Amino acid sequence: MDLEKLIRDIPGFPKEGIVFKDITTLLMDKDGFKQTLEELYNLASGKGITKVVGIESRGFIFGGALAEKLDTGFVPVRKPGKLPYKKISESYELEYGTDTIEIHEDAINPGDKVLLHDDLLATGGTMEAACKLIEKLGGEVVQISFLIELTFLKGRNRLEKYDVHSLINYDSE
Ligand code: AMP
């Protein structure tokens, strides 16, 4: 199945100038869900991964399912103020202003081999910050996977020292 056909474009959401890639249409398709998970799993299996880290919030969906298939634990990276225990933060630049993400300080053990997952790679700022969080806690980023990559934003350049995979690529909006 062509997974791209299951992604819905929403122009102007959440604000003017952005074409939002809506994955809910893929999630609600049982064959699409299964195929996506299978493809992500095939990329990650056999790499000795010990933790899957998902980025809030759409990264939790396949991140959690992947952890089960890979027989690892799952760790959420969240927006500020959501995690209840002791945590570390990383801030990154946006077009206007900055954003911050957080992780529990005991979520990664030194030497953990980490798969980072999110739904979409745009500028790469979020994922670059997530990599820093993992490395601050002594984890090794073994693979990064996305459902979707907006290749024209060149977010991959910020992640060039990592093994980055995406299932669906868009060369333009
Ligand atoms: P970035 O840090 O620029 O790579 O942005 C990635 C994060 O923003 C991901 O968590 C995405 O879910 C979200 N995001 C950015 N652009 C879009 C888009 N066009 N459609 C859906 N989500 C997006």
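Just after helix H3, Asp 71 takes a positive phi of about 65°. The model is predicted, so local features need pLDDT of at least 70 and side-chain atom pairs count only at pLDDT 80 or more, while totals for chains, interfaces and linings use all residues. Residues are numbered from 1 along each chain as its sequence is written, and side-chain values use heavy atoms, with hydrogens and water left out.

Helix H3 covers residues 59-70. Its twelve residues reach 16 Å from the first C-alpha to the last, close to the 16 Å expected at 1.5 Å a residue (the expected span is 1.5 Å times one less than the number of residues). Gly 59, Phe 62, Gly 63, Ala 65, Leu 66, Ala 67 and Leu 70 of H3 are buried (under 20% relative accessible area, with a 1.4 Å probe and protein chains only). These buried residues pack against two helices, H1 (24-27) and H2 (30-44). They also pack against strands E3 (51-55), E4 (73-77), E7 (113-121) and E8 (140-150).

Helix H4, residues 125-136, also has twelve residues, which should span 16 Å at 1.5 Å a residue; the end C-alpha atoms are 17 Å apart, which agrees. In H4, the buried residues are Gly 125, Met 127, Ala 129, Ala 130, Cys 131, Leu 133 and Ile 134. Their cover includes E3, E4, E7 and E8, together with strands E5 (87-93) and E6 (98-104). Gly 138 follows H4 and has a positive phi, near 90°.

The chain as a whole contains four helices and nine strands (DSSP runs, with H or I of at least four residues for helices and E of at least two for strands, numbered from the N terminus). Along the sequence their order is β-β-α-α-β-α-β-β-β-β-α-β-β. The radius of gyration is 15 Å, close to the 16 Å that the globule rule gives for 173 residues, so the chain is as compact as a globular protein of that length (the radius is taken over C-alpha atoms, and the rule is 2.2 Å times the number of residues to the power 0.38). The C-alpha trace spans about 40 × 40 × 30 Å along its principal axes.

Of the 173 residues, 45% count as buried. Among contacts with a separation of 6 or more, 56% are between residues 24 or more positions apart (a contact means heavy atoms within 4.5 Å).

Terms used:
Buried means under 20% relative accessible area, exposed over 50%, partly exposed in between (1.4 Å probe, protein chains only).
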